[in-house]
Amino acid sequence: MAQEAVGMPPRGTLSRWKREQAMLKTLVVDRDTEAWQRDPAFAGLQRVGGVDVSFVKGDSASACASLVVLSYPELEVVYEECRMVSLTAPYLSGFLAFREVPFLIDAVQRLQEKEPSLMPQVLLVDGNGVLHHRGFGVACHLGVLTDLPCVGVAKKLLQVDGLENNALHKDKIRLLRARGDSFPLRGRSGAIWGVALKSHDHSTKPLYVSVGHKISLEAAVRLTHSCCRFRIPEPVRQADIRSRDYIRRTLGGPGPPTLGQERSQKAQRPEACSTGGPAEPTGQGRTPEAHSQGPRTHPEGQELALGLRALSLQPGTQQATLRR
């Protein structure tokens, strides 16, 4: 999800970001809040969302923000939106939300306005939740500001509270034999930060699942497991495939690409899901619902909460697709 950008924010900005994380962290709910979360088969869960941000190779400021909604338990895409965006905040470990969350919030808000019946009941996020240096990762940030249940699903272990990807950790991974096997991520303090989950029989690398907002760790792990056809949960996987495909279709074409318009390349995505997203993702009758060129600004309250007063969306291209 993340890609490095040039430049460091001023020290005052980092201090403000830390204060905002601490303030918003107090709003995190780490227990089940919906009836479907407590049901062994998730009865009542009908729509699961996934979000992702893909980057243009060689251009640290251009990206595609993607939101997909899948039916549950079928895991078929019923809604997708991809939009090219311009990022102004740099990538810094521990502060990913300040770079990407504003665009994801915008996508959720557009869906709420256009098709409220397709709003996801939970979001799976390519990143961490409470498994974070300050206990407030991107999945927490997005959950608190959208008031949606969120689950953090990371592909690499964030080393906090004594958690390390050392020989002992690798030994535990080797003991994960079958799909669904897991072990808790217990830190030096005794706190359990998340769970390492073997999501697919043929995967040798676990996923690191943590609470984002309004869901328990137990339900978050069960849900992630149930959404995996491959190693990556299908909502996140589809958001990834479709955002990269959208970049190719939007910026591609005959002849060499212009500066800053190379094909996208995902940072931290060694498992690459099928170059396999076809030129048109699977489905019938796909027609863009909206295609706009123009800036979108954030409400003042949201900018304050995110510490991104200087952030303004540059003219971009949007695609939204509904499937019925």
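The legends below describe close-up views of a predicted model.

Local features were taken at pLDDT of at least 70 and side-chain atom pairs only at pLDDT 80 or more, while totals for chains, interfaces and linings use all residues. Residues are numbered from 1 along each chain as its sequence is written, and side-chain values use heavy atoms, with hydrogens and water left out.

**View 1. The crossing of helices α3 and α4.** Helices and strands are DSSP runs numbered from the N terminus (helices H or I, at least four residues; strands E, at least two). Helix α3 (residues 97-114) and helix α4 (residues 138-146) have axes that come within 10 Å and cross at roughly 40 degrees; axes are lines fitted to C-alpha atoms, for helices over the stretch in contact, with angles running from 0 to 180 degrees between N-to-C directions. The crossing of α3 and α4 is right-handed, a term used when the near helix is turned clockwise from the far one by less than a right angle. On the α3 side the contact (heavy atoms within 4.5 Å) is made by Ala97, Phe98, Val101, Leu104, Ile105 and Val108, and on the α4 side by Val138, His141, Leu142, Leu145 and Thr146. These residues divide into nine nonpolar, two polar and no charged, where Ala, Val, Leu, Ile, Met, Phe, Trp, Tyr, Cys and Pro count as nonpolar, Asp, Glu, Lys and Arg as charged, and the others, Gly among them, as polar.

**View 2. The aromatic cluster of Trp17, Phe95 and Phe98.** Five aromatic pairs are found in a search of the whole structure; rings of Phe, Tyr and Trp (its six-membered ring) pair if their centres lie within 6.5 Å, and planes under 30 degrees apart count as stacked, over 60 as edge-to-face and the rest as tilted. One of these pairs, tryptophan 17 with phenylalanine 95, is tilted, at 5.6 Å centre to centre and 45 degrees between the planes. Because tryptophan 17 lies in helix α1 (residues 11-25) and phenylalanine 95 in the loop between β3 (77-86) and α3, this pair ties together parts that are 78 residues apart in sequence. Tryptophan 17 also forms a stacked pair with phenylalanine 98, at 4.6 Å centre to centre and 10 degrees between the planes. Tryptophan 17 counts as buried at 2% relative accessibility, phenylalanine 95 at 6% and phenylalanine 98 at 1%, where buried means under 20% relative accessible area, exposed over 50% and partly exposed in between (1.4 Å probe, protein chains only).

**View 3. Strand β5 and its neighbours.** Five of the five residues of strand β5 (residues 150-154) are buried, so β5 is largely enclosed by the rest of the structure. Strand β4 (residues 122-126) pairs with β5 in the parallel sense over four bridges, two strands being paired if DSSP finds at least two bridges between them, and leucine 124 has valine 151 as its bridge partner in β5. Strand β8 (residues 207-213), with seven of its seven residues buried, runs antiparallel to β5 and is joined to it by five bridges; here valine 153 stands opposite valine 209.

**View 4. Strand β1 between its partners.** All ten of the ten residues of strand β1 (residues 47-56) are buried. Ten bridges join β1 to the antiparallel strand β2 (residues 59-71), whereas four join β1 to β4, which runs parallel to β1. Glycine 50 has valine 68 as its bridge partner in β2 and leucine 124 in β4.
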